[in-house]
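Here are some notes for a colleague opening this structure for the first time. They are arranged as numbered points, to be read with the model in view.

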Amino acid sequence: MQRPNILILYTDQQRWDGLGANGNPDIQTPHLDALAAESANFDHHFVQNPVCMPSRISFLTGRYPGALRITHMGVPVPEDLQTLPHMLGTAGYVSANIGKLHFLPHANRDHRSVHPDYGFDHLEVSDEPGTYEDAYRAWVRARCPEALDHISLGPPPTNLIWNQTMRVEDPVPHPQTWDRNSSLDAVPFAGPDDMTHTAFVAEQTIAYLQRSQQRAEPFLCIAGFYSPHNPWVAPQRFLDLYDRDSLSVPTFPPEWGKREDPQFAPDALRTARHGYYAMISEVDHHVGRILAELDRLDLAEDTIVVFTSDHGERLGEYHQWYKGYPGRDVVSRVPLLIRAPGRTVGHPVHNIVEAVDVVPTLLELAGLQIPPEVQGQSLVPCLGDLEAAPAKQDALMEMTGWRSLRTERWRYICHADGREVLWDLEAEFGEYRDVSGDPACQSALAEMRHRLLQRLIQSEQPLARTWTY
């Protein structure tokens, strides 16, 4: 059989409603909306960890973070771990990751060093825009060297500490003066529009697709966009798409609205949304370019396209920014679009699905066996006849010190010290109000506790035993 190509468009920190197709009237994503119209659009898709590194390796192995023993940031991914490119490579696929991969910690390594391949045949890794001497800065240096002094989004604080501790002089100029981890401002990109990290990922992905036309082997290509991760920086023309003052902001419950904090005032919430939406619109523009090139090369009919993200963004809801604990829907629920030629017509899928389900789905679509260590469930039945599609009852999230389970109605969290949280998602302001102590919710609390215990037992992966005893 002719195996399909696979193109994964993978953003960073894009919440589920960061698409017009998912019901957000403020955001402008025409190309992604068009892709959604041709795809199975999974509107209850949940990641297995609320931060980048554990979520990404879970996604690309089809295994839960607990099984991988990677449940927090800063753990280098073991080089012998079996990832999707390994699984496809045995069947003749060639594979590439362009842009963000984030299998290694950022701040305490030299990004000029050769990166472990993790099963990929082609790597152009750049985990953060312009911050380090890496594939992105090398690309800008070759294309537009005068832009080099304008592309860094600023050094992470931990990188500053590392450089000071190791007495390393940072070779990269950082022109920005804001605190990249606390600024809420929407900031215009200081360099040329076609020199952003998003443009780099798109250009090199397009170049890879063009080279793929000359090969007989099927390909896996992951376009790893950094956007819309904070700080919120985008070319001015994408900021100009929005009237900041007309953007919608969340409503807080009465007991939260009385808390006076200027960073959660309507003006601050709109400012953050302005930059966040502009970054998504920039991604949308370049996704349109990639998909147009796929059509031009006559590859679209032979290529599965997946669009998703590693986790979401709070955007000030719950009086919090960015990502992490406790993994509410704004962080754990992200877009998932799958367009499989000949298998899908555009339709929404309301089933609860998990990020670990994508790897077995792609393997089945490629006509390959699913390794026994893969823990996800293939979504192929959801691509066609929805009546036959099996439905999961819950989605599991695992992080160091706590576990969470999300069902259609409830989200339950259990901490290592025994503390519990229960949110009723059908109630007004559901994820703002913990009902674990409500007498009327004790049966639901007991059921969720039981479900979580079952899921943890089911996810156990004992080593294989030999036949003889």
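**Notes on selected features**

1. R409 has a relative accessibility of 33% and therefore counts as partly exposed. The side chain of R409 meets that of E426 in a salt bridge, with an N to O distance of 3.7 Å. Because E426 lies in the loop between β16 and α14, and R409 in the loop between β14 (402-406) and β15 (410-415), this pair ties together parts that are 17 residues apart in sequence. E426 itself is exposed, as its relative accessible area is 57%. Please keep in mind, here and below, that the model is a predicted one.

2. Another salt bridge joins the side chains of E255 and R433, with 2.9 Å from N to O. This pair links distant parts of the chain, since E255 belongs to helix α9 (residues 254-257) and R433 to the loop between β16 and α14, which puts the two residues 178 positions apart. E255 is partly exposed at 38% relative accessibility, and R433 is also partly exposed, at 30%.

3. For the model as a whole, the count of salt bridges comes to 32.

4. H45, in strand β3 (residues 45-46), has 0% relative accessibility and therefore counts as buried. Leaving aside residues up to four places away in sequence, H45 touches T308, S332, R333, V334, P335, L336, V353, E354 and A355.

5. How are helices α7 and α10 oriented relative to each other? Helix α7 (residues 197-212) and helix α10 (residues 266-296) pack at an angle of about 10°, with their axes 10 Å apart, and they are therefore roughly parallel. On the α7 side the contact involves T198, A199, A202, E203, T205, I206, L209 and Q210, and these meet E282, V283, H286, R289, I290, E293, L294 and R296 of α10.

6. Helix α7 also packs against helix α5 (residues 135-143), and in this case the axes come within 10 Å and cross at roughly 85°. The two helices are therefore roughly perpendicular to each other. A135, Y136, W139 and R143 of α5 make this contact with H197, A199, F200, E203 and Q204 of α7. When inspecting the two helix contacts, note that A199 and E203 are among the α7 residues that meet α10, and that A199 and E203 are also among those that meet α5.

7. The loop between β7 (219-224) and β8 (233-234) deserves a careful look at its backbone, as P228 is located there and the peptide bond that joins S227 to P228 is cis, with omega of about 5°. P231 lies in the loop between β7 and β8 as well, and the bond leading from N230 to P231 is likewise cis, with omega near 0°.

8. Which residues other than glycine have a positive phi? H102 has a phi of about 60°, and its place is in the loop between β4 (94-99) and β5 (122-125); at 4% relative accessibility, H102 counts as buried. F429 has a phi near 55° and is found in the loop between β16 (420-424) and α14 (442-458). With a relative accessible area of 19%, F429 is buried, given that the cut-off for this class is under 20%.

9. A last point concerns the surface, where W162, M166 and V168 make a nonpolar patch of about 260 Å². V168 lies in the loop between α6 (157-166) and β6 (187-188), and this residue is partly exposed, with a relative accessible area of 42%.

Methods: Residues numbered from 1 in each chain as written. Predicted model: local features only at pLDDT ≥ 70, side-chain atom pairs only at ≥ 80, totals over all residues. Heavy atoms only, no water. Patch = residues over 30% accessible without salt bridge, like charges linked within 9 Å, V, L, I, M, F, W, Y side chains within 5 Å. Areas by Shrake-Rupley, 256 points an atom, 1.4 Å probe, with all protein chains shown as cover. Salt bridge = Lys/Arg side-chain N within 4 Å of Asp/Glu carboxyl O. Helix = DSSP H or I, 4+ residues; strand = E, 2+ residues; numbered from the N terminus. Buried < 20%, exposed > 50% of the residue type's maximum accessible area, 1.4 Å probe, protein only. Axes fitted to C-alpha atoms, helices over the stretch in contact; angles between N-to-C directions. Parallel < 35°, antiparallel > 145°, perpendicular 65-115°, else oblique. Contact = heavy atoms within 4.5 Å.
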